[in-house]
Every structure is written in C-alpha cells, then in structure tokens.
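Please look at the sequence and the structure shown here, and then read the report below with the model in view.

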Amino acid sequence: MNLKSLKISEKLTIGFLGTSLLLLGLGIVYIKRDYDIKNQTDRVIKAIALEAKTATDMSESLQQIQIYAGELLYADRTNRQTYLSYKTKIQAELKRLNKDVALGKSAILTETRTTLNALEKQKSTRIERSKTSDKEFQTIQELREQIFIYQDNIARFLSYLENNNLERAQNIFDVEIKSQIQNKLLPLIYKYQVLSLKEIEGANEVINEKLATSLNAIVTYTILSIIFALALYTYIYRSTYPPIQQLQKAAIEVGKGKLNTKVYPKNPDDELGILATTFNSMLSGLQETTVSKSYLTNIIDSMADSLIVINTKGTIKKINQATLELLGYSNREELINNRIFNVISEECNFNLKRLIEENNFPFKCETSYITKEKEIIPVAFSIAAIVSGENDKIEGMVCVARDITERHRSQQALQQSEERYSLAAEAVNDGIWDYQVKNEEIYLSPRWKTMLGYQDSEIENNIDNWFKLIHPEDQGKFQEQFYAYIKGVNLEFEISYRIKHKDGDYLRVLCRGTAVRDERGKVSRVVGAQTDITDRKRNEERLLFEAFHDRLTGLLNRNYLFDRLAQLIEKSQEKESFFALMLLDIDRFKAIENSLGHFGADRILIEMGQRLSQSLDSVHKIARLEGDGFGIILEDLQYSSEVTEIAEKILKQVATPFEIEQRQIFITVSIGIALNNRYYNRVDETIADANAALLQVKKSGKANYAIFEPSMRIESLNFIETENELREAIKRKEFGVVYQPILEIDSEKIVGFEALLRWNHPKRGSISPSQFIEIANETRLILQINWEVLRQVCTQMTKWQTKYPRSKVFASVNISELQFAQVDFHNYLAKIVRETGVQPNRLQLEITETAIIEDIDRATFVLQQLKDFGVKISMDDFGTGYSALSHLHNLPINNLKIDRSFFKNIEIDRQRFEVMKSIINLGLALEISPVAEGVETTDELNKLRELNCQYAQGYLFYRPMDLEKTEALIAEQYLHLQSQQTRI
C-alpha cells in the first residue's frame with residue numbers, strides 16, 4: 001500500500017484502527033498485573049494478622065504474670081512447693097512473653113516490611129508503609145526493653161519473698177510491677193496492636209487502590225492510544241503541512257498586494273491540491289480588478305501629515321511614512337495590527353471609542369501622540385469614516401494628525417511670561433516703595449502701610465515719616481546704607497531692621513532696593529520692596545533656643561553643655577582656669593517611672609531641674625543630658641572644696657520629698673565629678689572620668705558623690721566588660737539556679753526551697769550574684785535574667801509536682817525591685833504560670849521591703865492580685881531597708897524573712913534577742929510566718945525555737961545545692977511521707 005496516494009480521511013482511519021489494537025493489548029496486561037497484586041496483598045495481611053495475635057498473647061501473658069504474682073504474695077510461703085509452683089508458672093509466662101516479642105520483631109523485619117515494599121509500586125505509598133513499619137519496629141524495641149526491666153522487677157520481687165521481706169515485696173508489686181504493666185507495657189502492646197491494624201488497613205488500601213485503578217484503566221489506555229496516534233499523525237502531518245504552509249505564505253503575499261503569487265501543489269488530486277488550484281484561479285481574477293498597491297502607497301507616503309487607517313475595532317491597518325517619523329518607529333510592522341489607542345492620549349482614547357460606538361463622524365480635536373520612546377507630541381487630530389458602497393456601512397476610519405509642537409511652545413512661553421508677571425506683582429504686594437532722588441519724593445504703596453497697621457491716608461508719602469518709624473537703634477545704620485547706595489559707595493541695598501507697628505510693637509522687616517540710572521550713570525531713582533520677616537526671625541530664634549535647650553525642663557541641653565565644656569578646655573590650655581564637670585543621675589528612676597507613669601516621671605524631672613538651678617549660682621551651667629541624667633559645669637572656681645560644698649548642697653536640696661499627685665516621693669541622686677586639674681585635652685576624656693566617678697557612687701550604695709581618681713577608670717572598664725559578658729550570657733542562656741531548703745524549725749521538715757541565681761560562666765565556673773547583680777540592675781539586664789530564671793523554676797516545679805503529687809514543697813524565687821515595678825508584672829507572671837503549668841500555691845515570690853515601700857499603694861494592690869491568684873508572698877530583708885512597720889498590717893503577705901543581722905550572736909546579745917522577739921511576735925500576731933535567713937549555729941537555732949520562730953534556712957541545715965541533689969532530697973522526703981501514710 002502506498003500511503004502517499006491515500007487521502008487524508010483514509011490516513012486517519014488507519015491511525016484509529018491501530019490505536020484500538022494497542023488499547024486491547026494493554027488492557028489484558030494491566031488486568032493480569034492487578035490479579036497478581038491481590039494475591040501478594042492477601043499474603044501480607046495474613047502475616048500482619050500473626051503480629052496482632054502475638055500482641056494479644058503478650059497482653060494475656062502479662063495479666064497472667066500479675067495474677068500469679070498477686071497470688072504468690074498472699075499465699076502460704078511456708079509451703080515451699082506452692083512457692084516453686086507459682087515461680088515456675090511466672091517463669092513460663094516470661095519465656096512465652098519473650099518468645100512473642102521475638103516473633104513480632106522477626107515478622108516486622110522480614111515478611112511484612114519486605115513484602116509491602118515489594119508490593120508498593122507507587123513511591124508515596126511505599127514511603128508511608130515504611131514509616132509505619134519503622135514505628136512498629138521501634139515500639140517492639142521499646143516493649144522489649146520494658147520487659148527486660150519487668151523481668152528484673154519480678155526477680156527482685158521473688159528474691160524479697162524468698163527472704164520473707166513482705167513489705168519490700170509488697171512495695172515492688174504495687175509501685176513497680178503493677179505500675180509498669182499499666183503505665184508502660186500495656187500501652188506499648190496496645191500501640192503495637194494499633195500499628196499492626198494500621199498495617200492491615202494499609203494493605204487493604206493498596207488492593208483497593210489497585211482495583212480502583214483497574215476501573216479507570218480505560219483512561220490510561222486512551223492516553224496511550226493518543227500517544228500512538230500522535231506518532232502516526234507525525235507522518236500525516238509531514239505529508240500535509242508543506243502544502244498548507246505554501247498556501248499560507250501565498251495568502252500573506254496577496255495581503256501585501258503581490259497578486260502575481262502562484263501555488264504549486266504536490267498532489268493535485270487530494271483535498272489540498274484542489275484547494276491550491278482554486279486559489280490560483282481566484283488570484284487571476286483578482287489581478288484584473290485591483291489597483292496597484294505601490295501606486296496608493298506612494299500617494300499616501302507623499303503626505304506631510306500623519307495618516308493612520310484603522311478598522312472599526314481601532315486596529316491599525318495602514319500608515320504612511322510621516323507617521324513612522326512622527327512616532328519614532330523604524331518599520332511599519334511595529335505598528336500594523338496594533339491598537340491606535342496605544343499611540344494617542346487617554347482623553348482622545350475615550351472620545352475615539354465613543355465615536356466608533358456612535359458612528360459620529362467626522363471629528364476634530366487637539367490631542368497628543370505617544371512616541372516609541374514614550375514622549376508626548378501635541379497634534380491637531382481629525383478622523384473620518386470609510387464607507388462601503390453597500391448600505392453605507394462603515395468599514396473603517398482614516399485618522400490624520402498634524403504636529404503642533406511649535407505652536408504649543410509659543411503658547412507655553414506666553415503662559416510662563418504671564419506667570420512671571422503675576423509672581424512679580426505678588427512679590428511687589430509685600431510693600432513697594434519708589435524714591436525719586438532729585439526732588440526727594442517717595443511713593444509708599446498701600447500694602448507698605450497696611451503692613452504696619454495703617455490706612456493709606458494715615459501716612460503721608462514722605463521719607464521722614466518712614467525714618468521716624470524705624471527703631472531708634474536701627475535708624476542710623478539704615479540711613480547710612482541707604483544714602484551710601486544712592487551715592488554709589490555700596491553696590492547693592494539690602495538691610496534687615498525693626499519698624500514700629502501702629503499697635504506699638506516692632507516688626508522685623510527686610511528691605512531691598514534697585515537703582516535706576518540716568519544717561520550719565522547717576523542714580524536717579526531707587527525702587528524697592530519691604531517684606532515682613534517677623535515670624536521667620538521668631539522661628540530662627542526659637543530654633544536657636546531649642547538647639548541648646550531641653551524641651552521638657554527648659555534647661556540647657558547636652559549640645560550646649562558639651563560645646564561649653566570644649567570652650568573651657570581650650571581656655572584652660574591658654575590660661576590657667578579651674579572648672580569641674582558633674583554628672584548626676586536619679587537613683588532608681590526606672591522604678592519611679594514605672595510607678596508614677598511617664599507624666600509623673602516628667603514632673604519629677606522638671607522639679608529636679610528647678611531644685612538644681614536653685615542650688616547653683618548663675619555662673620554655673622546646668623543641663624539635662626538624657627533620661628534622668630543631668631550635667632553641671634562649675635566655672636570660675638577658686639578652691640576644690642567649693643565643688644564638694646556644691647555637691648552636698650545638691651544632695652540636701654534633693655532630700656526634701658517631692659509632692660507628685662498628692663503623694664510624697666523620696667528621691668536620692670548619685671553624683672560623679674571630674675576636676676580639670678588633670679589638664680584635659682578632650683571633652684570625651686572629661687565625661688568618661690565623670691562617668692567613672694558616678695559608677696563608683698552607684699556601686700557604693702548611691703545617694704552620694706565622688707571625685708574621679710585614676711583607679712576608677714579600671715572599675716569603669718570592668719563595668720563595661722561585665723555588661724557585655726552579661727548580654728552574651730543571656731543569649732547563651734548561661735543563667736541557672738541552685739536550691740537551698742527552707743525548714744520547719746520544730747519538725748526540721750523541708751517545706752520549700754529558695755531558688756538562688758547563679759551565672760554558669762564557661763571559663764570562671766559558677767558565679768554568685770554578688771559579683772554581677774549591681775551591674776545587672778544598673779543596665780536593667782536583671783529583668784531578662786530574672787524572668788528567664790522564674791520560667792526555669794516554674795518548669796522544674798511542674799515536673800516535681802507531677803512526679804511527687806503528694807509533696808507540698810514550694811519554690812521561693814527572688815523578684816528584683818525593677819521587676820516588681822513593671823506595670824504589667826502581674827500579667828507577665830500569670831502568663832508564665834499558665835504556660836509552664838505550675839500550681840500557683842507551689843510558687844513563692846520574695847520581694848524586698850525596699851521595693852514594696854517605694855510605692856506602698858501600688859505595692860498593696862499588686863500583692864493582693866498575686867495573693868488572689870494563689871501565689872505566696874514573702875517580704876525579704878525585713879528591717880534592712882525602709883521601715884514597713886506602719887504598713888505591715890495592711891500588706892497581703894505570707895512570710896516575713898528576717899535577715900541574719902538581727903539574730904547573729906543572739907545567744908549572748910540580749911538586745912538582739914529582744915528585737916527578734918518583737919519581730920516574731922509581731923509576725924505571729926498578724927498571721928505572717930517569720931522565716932530566719934542565714935542560720936549557722938545550733939545556739940542560734942535553739943534561741944529561734946525558744947522565740948517560736950516557725951521557719952529557717954541556712955548553712956546549719958543545708959548549703960545551696962544543684963538540681964540533682966535537690967531532687968534526691970525531695971524524693972527521700974516523699975518516700976518517707978508515703979511510708980507514713982501506708983502505716984496509717
């Protein structure tokens with residue numbers, strides 16, 4: 001058979017017959033494959049069912065062992081035969097249990113896993129089954145490990161029975177054997193069974209999936225048949241495409257006007273050959289009736305204006321050479337068949353679309369063309385319809401555009417000229433004056449007069465009237481420069497001066513003038529304008545003031561202070577002069593700000609500035625630096641003692657309570673001083689030394705002053721280094737806690753643990769807070785540290801309360817003054833408690849007396865919130881800070897921690913004994929439990945017991961210990977508690 005001689009329809013028929021045969025063959029292969037998969041899957045399900053049976057057998061063995069062990073526990077142990085019988089039964093069940101575990105493990109590793117992987121052909125299903133088998137294998141491994149532990153517990157149980165230690169055997173049976181079965185073994189067996197069932201489900205899913213695939217096989221076969229058909233059609237395509245392509249190219253040439261084009265078919269007898277012959281006949285007839293395309297093109301291209309022919313949809317069909325040049329295109333193909341709306345302005349787009357819809361022609365307008373480079377060209381645009389001879393139907397439109405760029409430029413220049421004239425007139429409106437030199441006549445415009453508050457008739461046009469209104473201090477300078485300009489001494493006239501307003505105030509004005517010269521070059525006339533610049537001058541003065549003053553306090557700012565300091569240093573190098581720099585900080589200002597809020601804190605800063613100003617002579621300069629920091633420059637000093645006198649005066653002035661919102665706030669300040677007797681060369685050196693002295697004051701307890709000494713610089717560098725290390729330590733989570741027990745004195749029973757902060761330094765080991773707490777507080781890093789430590793303790797307490805549910809021990813955590821002063825302290829604490837799951841009554845917060853008394857009203861409110869939440873409260877360092885005695889009866893606290901300084905040597909110091917007695921009795925009367933902190937000797941303990949002190953902690957009982965030792969102590973006490981309850 002010769003395929004080339006066949007028609008296209010016959011070729012298609014052969015292709016479909018071949019595809020059907022392929023479909024039948026693939027169907028037979030596919031169904032056989034599904035049958036094999038079903039047989040293999042049935043084998044897998046049987047293997048997995050065997051695993052499920054082993055899980056059931058293991059469960060039965062464990063229950064049987066528990067029954068035998070329970071019967072053995074209460075059987076007659078004097079009968080040796082009975083004991084051996086039960087022991088033999090238990091060992092048999094253990095052997096059976098081990099066998100079942102081994103069987104389950106072997107089944108997973110060999111048959112189930114291997115068979116499933118062989119069956120699963122789809123990658124995603126194979127991975128899922130593998131994961132299930134891995135989980136099952138991991139579970140059987142865990143079960144095996146637990147059975148080893150279980151066997152060991154059974155062995156210990158039998159050993160205690162043989163030694164007649166019934167109590168220990170009973171304990172192992174209840175705590176270890178039964179608990180392990182219920183909490184470990186049976187859940188693992190159940191998990192193993194579930195995984196086995198999941199394997200069965202997975203196998204069923206496989207067969208269902210494959211059977212479903214069989215139902216959809218027809219889709220697969222169809223796709224394969226299409227592939228086969230495409231291969232067959234490749235041949236058909238190659239035999240038909242060249243004639244079609246030849247026809248297509250001929251049609252394009254005809255569209256360009258080449259009517260002498262011919263098509264030469266390869267097979268004149270098929271469909272394409274007949275079509276080519278018809279096409280050639282059509283071209284012959286068309287050549288006889290068509291006008292030459294080149295003739296029309298030459299006429300259109302000769303036009304100077306742009307011409308664009310479009311169809312009724314706005315598509316460009318023809319353009320002339322002028323259009324290409326106007327729009328910046330190189331060939332016609334770039335525009336032909338594009339939309340005309342792409343080359344005209346948006347406004348014209350709208351009009352053109354409306355015209356096409358309404359057939360409203362002709363139309364003229366001015367619009368813009370958009371060039372290839374996105375430039376805008378203004379054009380005079382007109383459009384007319386192309387109407388066919390039949391029924392006057394519109395076939396398209398002719399658009400003609402003329403470039404009117406030059407005309408627009410002329411109009412624009414005229415408009416700009418008019419705008420300049422308008423602007424000049426507006427400027428003149430400031431106040432025009434015109435002075436005739438020869439006769440000394442002057443014209444003052446109405447605006448010139450109304451600027452000063454006068455009507456036009458109220459001031460005569462006389463130059464003396466102008467001079468009289470000028471401020472006396474500016475008159476001489478104004479007249480001198482005015483006449484110097486007229487005489488030609490000065491080449492320009494521009495002056496700022498003050499002139500009197502009708503209401504008596506003076507305005508600041510700027511006056512400018514321009515000379516008009518005669519033919520001899522002499523000034524014959526001066527014309528000028530006067531501008532009111534009063535507001536501008538005020539703004540300049542205001543900006544100058546703000547540049548060197550603090551907005552809140554009205555004091556000088558750091559810019560001025562540092563600039564003045566630089567001047568004094570330079571002056572001292574030329575000529576001996578004695579000055580000093582003071583840097584002052586408000587102690588605990590962040591806590592005050594948290595308590596009073598920003599408004600109250602601002603009131604403190606304003607009044608602090610006022611008090612400092614009252615403490616200093618006007619020769620000295622005081623500035624607010626930033627936050628709560630102030631700087632003071634003491635100038636023209638004679639003796640160094642003057643500096644200390646001023647510092648003491650400031651401390652005394654600040655000591656008086658601040659009245660803020662009907663509350664008395666006690667404030668102290670720390671002052672660091674640098675004297676220039678060290679001959680400073682730079683400002684930063686002076687500031688660094690004053691800062692070092694300030695740091696020394698803060699480390700020494702604050703509320704004082706210090707004069708810089710060279711040794712302080714080392715401490716300042718240590719401060720910076722420690723601060724940097726603390727920041728890195730927070731990132732690396734190097735902070736942890738150790739625990740010190742708190743005991744009930746009478747029973748010496750542990751009731752709780754105080755969590756003590758430690759820095760686990762990678763090089764220096766465990767670091768006590770005494771070495772870094774001051775810097776942590778000063779830099780506010782203590783907030784991040786303490787919140788992280790609190791979260792650690794709460795997390796650990798949650799573990800203990802789960803592991804030892806009957807234990808009532810609590811953890812006591814120290815809260816810093818800054819931490820307690822935070823506005824959202826209660827909410828943040830509650831969030832940590834919720835997230836960690838700790839019981840609130842297992843948590844005690846130790847808050848210093850100083851932090852509480854700082855703002856007693858707020859403290860009382862917050863403490864009540866905490867107590868309502870369920871957290872215990874302990875007042876730490878009672879008696880060592882501010883006195884809280886007058887408020888103690890109103891504070892919702894549970895414990896009163898008494899510092900060691902109150903009972904040290906209490907056995908020989910009668911006064912200490914009486915003080916302790918008063919404190920303890922006061923606490924007991926208010927139902928607040930006293931806790932002695934730092935007990936070190938037996939004599940101290942006996943005296944505390946004599947005074948009815950309830951609780952204590954210290955080296956006499958325990959030193960701070962790590963987590964492992966702490967938990968061992970809790971476990972020991974917990975076991976003792978359980979044994980007591982068992983005996984009861």
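The model is a predicted one. Strands of a sheet pair through backbone hydrogen bonds, in either a parallel or an antiparallel way. In this model, 5 strands build an open sheet in the order β7-β6-β10-β9-β8, and their pairing is antiparallel. Because β7 and β8 stand at the edges with a single partner strand each, one side of each is left without a neighbour in the sheet. On average, neighbouring strands here are turned by 25° against each other when direction is ignored.

Within the sheet, strand β9 pairs with strand β10 in the antiparallel sense over 9 bridges, and R517 has V523, in β10, as its bridge partner. Helix α13 lies across β6, β8, β9 and β10, and runs at about 150° to β8.

The residue ranges of several of these elements are as follows.

| Element | Residues |
|---|---|
| Strand β7 | 441-444 |
| Strand β8 | 493-500 |
| Strand β9 | 506-517 |
| Strand β10 | 523-532 |
| Helix α13 | 472-487 |

Turning to the loop, where is D550 placed? D550 is found in the loop between α14 (534-547) and β11 (556-557). D550 counts as buried because its relative accessibility is 14%, and buried means under 20%. Leaving aside residues up to four places away in sequence, D550 touches L555, L556, N557 and R624. With R624 there is also a polar contact, made between the side chain of D550 and the side chain of R624 at 3.3 Å.

Methods: Residues are numbered from 1 along each chain as its sequence is written. This is a predicted model: local features need pLDDT of at least 70, side-chain atom pairs count only at pLDDT 80 or more; totals for chains, interfaces and linings use all residues. Side-chain values use heavy atoms; hydrogens and water are left out. Two strands pair if DSSP finds at least two bridges between them. Helices (H or I, at least four residues) and strands (E, at least two) are DSSP runs, numbered from the N terminus. Axes are lines fitted to C-alpha atoms, for helices over the stretch in contact, and angles run from 0 to 180 degrees between N-to-C directions. Contact means heavy atoms within 4.5 Å. Buried means under 20% relative accessible area, exposed over 50%, partly exposed in between (1.4 Å probe, protein chains only). A polar contact is a pair of N or O atoms within 3.5 Å; within protein, one must be able to donate a hydrogen and the other to accept it, and residues adjacent in sequence count only if both atoms are side-chain atoms.
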